[in-house]
Amino acid sequence: MDEEIIPSKILLPELWMEIFSKLPAKTLVRSRCVCKSWRSMIDNPSFISMHITRFKNNFNKHFLLSFETHNSFDDDQFELKIRVRTMGKFRKREQILGLTFSADDYHIDYKGYVDGLLLFGRYYVGSYDLFLLNPSIRKSIVLPQIPSSPAGRAETVIGFDPVKNDYKVVMILFPIRLVDHTFPDSIMVYEFRIGEWRFNTGLEIPHEWFLGENVLTKGVVHWLSFNLFLQLPLPKNYTHIVSFNFGTETFSYTELPGDRSDDYEKITYPFLLGDSLAVLDISLDLVDVYHANFCIWVMTKCGGNWTESWSKRDHKVIGLDTFGFFQEYKYNIRNLLYVESIQKFLLEVNGKVKSYDLESHKIKELESSDGCYSMIPYVESLLLCKRLEEECHDCDSD
Amino acid sequence: MASSSSSSLSRVVVKSSDNNLFVVNKKVASQSQLLKQCIDNMEEKGTNDVILIPLSNVTSNILTLVLEYCEKHADFADDDNNNQELKQWDHEFLKKFDYATLNSLTMAADYMVTKSLLNLCCQFIADSIKDLTVQQIRQIFDIKNDFTPQEEADIKNENAWAFR
């Protein structure tokens, strides 16, 4: 044998990494104080990304995270409640974090999620900043002051750049065209490792039309929209997916599948199916007027015309009552999540969480909230474990 | 290499670090990628002799355990991985060992490239760490605390919630 192996009595560091990559964030945070070598193994960025990958690939480690925000006017407090629950078991839940903000932070706004990190915007009196929160290790960090406050509307997203192997927060500044002045199209990029904002100008920025809900997967974030050259008035149906690639920092357009002419109404929502972008398309059947079509398309290629970019995954005929639900709440349905283990969609309508069973087409109400509600498919991570100056304002758990 | 020549081994001899010999049939040995690689190499060369594979850092008591595992898993090689009986057996198998043995077994599984055993050992150790205090972890895995009391207190204070 040509390999010569030296016997050893203690477990090799690679093997400890293997073991650590199976442990939850809380145990790892505690294990940092076992000894110096454990601490440096756990704090090592390559271990942190190995841990994320392992957790993402293990369906048992997927949770549904939801948060509610409440303003309490009596004591000028503002509360963010975060809960996690096992995917598919909606009623069993556990609060992991309650954050209380003082009255100065009078409003916070959820912006995005990646690998266990939540991004929020925070509005003060007369100012605005962004902060990141990792609920599984109860750490938060306020990003450096945004270099220029957007003159018009801005869209803020967070994602992973596989090229630089780093996370980025990106603010897309939509162009405003006034009679005597045009603000340039640009994006502002914050890279975690560099820790500073920079501008990237000269991009063709999409119109801000309906850039609302987005779906992030494989380093690309997608929105329902229209093509770049569209002039007003807007058509009835969305026609394109506009995508931003965190690696190349470019936008691309993909035509949505099927006939999207204005002749008949389509109700379209983007969602994540496995790690692909999918859209749910619901429309009335033009031949059989007592039924509607329910179609799921999966994006196979980003950019280009629809015949080469989508594959049809599911097609069903549904009753008019189900169609009626989607039509009534067309603009109110948010956060469409597909939970594979129970073959159901979860969705939010005006602060209520409902489930939609793909087999029976029954729609059930699961939970309602009087605050602002959001839910995210979530895995724990150790991001922000190190190099963190700022602690959570106030953490308690029960 | 697709030609089915006469060279096909049915058994190999594995030698532990303390020079004990184990005769292992091919199907069992193939559970270890290291042994399988050796067998494949020899078969390609067309050797008909029984080959001897020395494992310079696996003692005979640990090798006995690895081979016991390989034997059991070779019996189930054609089943899918979700066999409940096998899972139960795996769990009972590891439960018997102290941490020193478990450590050695983990390293042997890593060295012999027996991925499923490695994964099983790591999961077993991870599961037991979950419920241990820092002090217990140090004791069980024989780890020296090289922090000063001040450093240790600082790390704990940084994340006091995790120690409650």
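Trainee: Which strand of chain A does A:S186 lie in?
Mentor: A:S186 lies in strand β10 of chain A, which covers residues 186-191. Keep in mind that this is a predicted model.

Trainee: Why is A:S186 called buried?
Mentor: The relative accessible area of A:S186 is 4%. Buried means under 20%, so A:S186, at 4%, is buried. Among the residues that A:S186 touches are A:M171, A:F199 and A:I205.

Trainee: And what makes A:L320 partly exposed?
Mentor: A:L320 has 36% relative accessibility. Partly exposed is the range between buried, under 20%, and exposed, over 50%, so A:L320 counts as partly exposed.

Trainee: Why is the pair A:E249 and A:R198 called a salt bridge?
Mentor: Their side chains meet at 2.6 Å, N to O. The cut-off is within 4 Å, so the pair qualifies.

Trainee: What does the pair of A:E249 and A:R198 tie together?
Mentor: A:E249 is in the loop between β14 and β15 of chain A, while A:R198 is in strand β11, so the pair ties together parts that are 51 residues apart in sequence.

Trainee: Are A:E249 and A:R198 buried or partly exposed?
Mentor: One of each! A:E249 has a relative accessible area of 6%, so A:E249 is buried. A:R198 has 28%, so A:R198 is partly exposed.

Trainee: How do you know that B:E43 and B:K26 form a salt bridge?
Mentor: Their closest N and O atoms are 3.0 Å apart, and the limit is 4 Å, so the pair passes. B:E43 lies in helix α2 of chain B and B:K26 in helix α1, so the pair ties together parts 17 residues apart in sequence. B:E43, with a relative accessible area of 18%, is buried.

Trainee: How many salt bridges are there between chain B and chain A?
Mentor: The count is one. The side chains of A:R32 and B:E158 meet there, at 3.5 Å, N to O.

Trainee: How many residues does each chain bring to the contact?
Mentor: Chain B brings 38 residues and chain A 33. The two chains bury about 3,300 Å² between them, with 67% of that on carbon and sulfur atoms.

Key
Residues are numbered from 1 along each chain as its sequence is written. Chains are lettered from A and ligands numbered from 1 in the order in which they are written. This is a predicted model: local features need pLDDT of at least 70, side-chain atom pairs count only at pLDDT 80 or more; totals for chains, interfaces and linings use all residues. Side-chain values use heavy atoms; hydrogens and water are left out. Buried means under 20% relative accessible area, exposed over 50%, partly exposed in between (1.4 Å probe, protein chains only). Helices (H or I, at least four residues) and strands (E, at least two) are DSSP runs, numbered from the N terminus. Contact means heavy atoms within 4.5 Å. Buried area is the accessible area (1.4 Å probe) that two parts lose on being put together, summed over both. Lists of a residue's contacts leave out its neighbours within four places in sequence.
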